[in-house]
Amino acid sequence: MSLENRVQKALVLESPKTPFVLKTVPIPKPGPGEVLVKIIASGLNPVDWFIQSRDLFAPNTPYPAIIGLDMAGDVEEVGESVKEISKGDRVFLEPKLNSNEYASHQQYALAPVEFLGKIPENLSYGQAACVPLTFSTAVYGLLPAHPVGMGLNPTFDDTVSYPKEIALVIGGSTSVGQYAIQILKYLGFGTIIVYASTKHTEYLKSLGATHFIDRNEISFADLPVALPKVCSQPVKIIYTAVTSPEAQNAAYACLADDGKLAIATPRIVPWGDAEVTTKKVYGVFGGPHIPPNREFGVTLWKHLPRLLERGVFVPNRIEEIPKGLSGIVDGVKKYEKGEVNGVKLIVYPQDTPA
Ligand SMILES: NC(=O)c1ccc[n+]([C@@H]2O[C@H](COP(=O)([O-])OP(=O)(O)OC[C@H]3O[C@@H](n4cnc5c(N)ncnc54)[C@H](OP(=O)(O)O)[C@@H]3O)[C@@H](O)[C@H]2O)c1
């Protein structure tokens with residue numbers, strides 16, 4: 001696709017709940033503090049399916065809409081006042097929600113430099129594209145200070161450690177859950193219990209999980225009874241990457257009275273005893289762009305590249321979907337059928353057939 005003509009291919013939703021269509025759209029120009037990224041890899045997320053099938057956009061978002069929340073690529077143009085990033089840099093980032101010119105399911109997009117990182121040399125574009133949104137969703141629940149998150153390490157201080165503490169991750173094999181396990185390991189948690197299918201046990205152990213509860217044997221309703229058999233002490237830190245009401249209720253019931261629970265959705269089940277409980281619950285919005293998330297977002301993007309480079313955090317395993325942007329239609333069907341299993345789906349927008 002030629003930049004001279006300033007047109008590109010993008011996957012577009014013309015109106016709510018319609019199929020994706022491949023269209024030619026203008027390539028935007030970066031404003032002050034922004035860069036234009038040639039998108040080499042774009043990550044898929046369950047929310048792509050929710051948006052397409054259920055119109056799960058914020059109110060008043062104008063259609064036609066371009067979506068996509070994980071981006072890796074090359075800086076093509078640099079806007080005014082940008083000093084730290086140059087043309088040709090390999091970068092990765094989480095795009096702004098609900099903003100066509102910034103979305104990742106197209107060939108070029110704008111990106112504000114305050115929430116963007118240079119891709120470490122040890123990561124491919126595909127690996128880099130599977131980090132931003134789901135890492136962010138895990139980390140916002142755990143590290144930033146209250147009321148955004150549990151406040152376990154708001155400054156990425158490498159000396160912070162909780163060796164005697166116990167944590168539970170529900171949905172450990174999800175992309176978000178895999179990062180939650182790694183973040184708890186980074187925080188030095190001595191015991192990291194994971195609720196997931198046993199087929200993932202070895203892989204999740206390699207990420208830091210220490211104990212397992214098989215989700216195919218123990219239902220959410222039985223989880224609060226099963227947990228004390230794995231660990232006799234109260235569990236004070238729980239992250240749930242499964243957000244159904246059943247999962248949220250199980251997580252809340254498993255939590256120690258003075259514990260903290262993060263849920264990978266801002267839509268939290270309203271527990272009746274919220275006024276009197278000492279349990280703290282955090283409904284996570286995994287994005288740096290909007291207040292009150294912005295302050296921690298700057299810290300996150302300062303530290304994330306170096307921690308990936310050092311191998312403290314490893315990207316999810318990826319499943320590459322062929323046919324460039326057109327492949328997103330197949331990828332979204334996989335979410336619909338529940339066929340995404342322990343991997344992150346990635347497309348390469350520049351490979352979109354003519
Ligand atoms: N709040 C935010 O800003 C935000 C951002 C991103 C994602 N999310 C949400 O976070 C959740 C996870 O997203 P994701 O992209 O990480 O998901 P994903 O990787 O697509 O999740 C797939 C995995 O879910 C597991 N799973 C399904 N049902 C389960 C259950 N009942 N118990 C335990 N594991 C179960 C499956 O495990 P098995 O292999 O065991 O079947 C499968 O490996 C989604 O609900 C997503 O919408 C929220």
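How many nonpolar, polar and charged residues does the shell around the ligand have? By class, the shell has 14 nonpolar, 13 polar and 2 charged residues, where Ala, Val, Leu, Ile, Met, Phe, Trp, Tyr, Cys and Pro count as nonpolar, Asp, Glu, Lys and Arg as charged, and the others, Gly among them, as polar. The model is predicted, with local features requiring pLDDT of at least 70 and side-chain atom pairs pLDDT 80 or more, whereas totals for chains, interfaces and linings use all residues. Residues are numbered from 1 along each chain as its sequence is written, and side-chain values use heavy atoms, with hydrogens and water left out.

The ligand is surrounded by 29 residues (a residue is near a molecule if one of its heavy atoms lies within 4 Å of it). The closest are Val176, Ser197, His200, Arg215 and Gly286. Helices (DSSP runs of H or I, at least four residues, numbered from the N terminus) H1 (46–54), H3 (132–142) and H4 (175–186) each supply at least two residues of the shell; the largest share, 3 residues, comes from H3. Because domain 1 (7–131 + 317–351) and domain 2 (135–283) both give residues to the shell, the ligand lies between them; the domain bounds come from an automatic or database domain assignment.

A polar side-chain atom of His200 lies 2.5 Å from a ligand oxygen. A side-chain N or O atom of Ser173 is 2.9 Å from a ligand oxygen, and a polar backbone atom of Ser175 is 2.9 Å from a ligand oxygen. Taken alone the ligand exposes 930 Å², of which the protein buries 83% (accessible areas by the Shrake-Rupley method with a 1.4 Å probe).

Definitions and conventions: A polar contact is a pair of N or O atoms within 3.5 Å; within protein, one must be able to donate a hydrogen and the other to accept it, and residues adjacent in sequence count only if both atoms are side-chain atoms.
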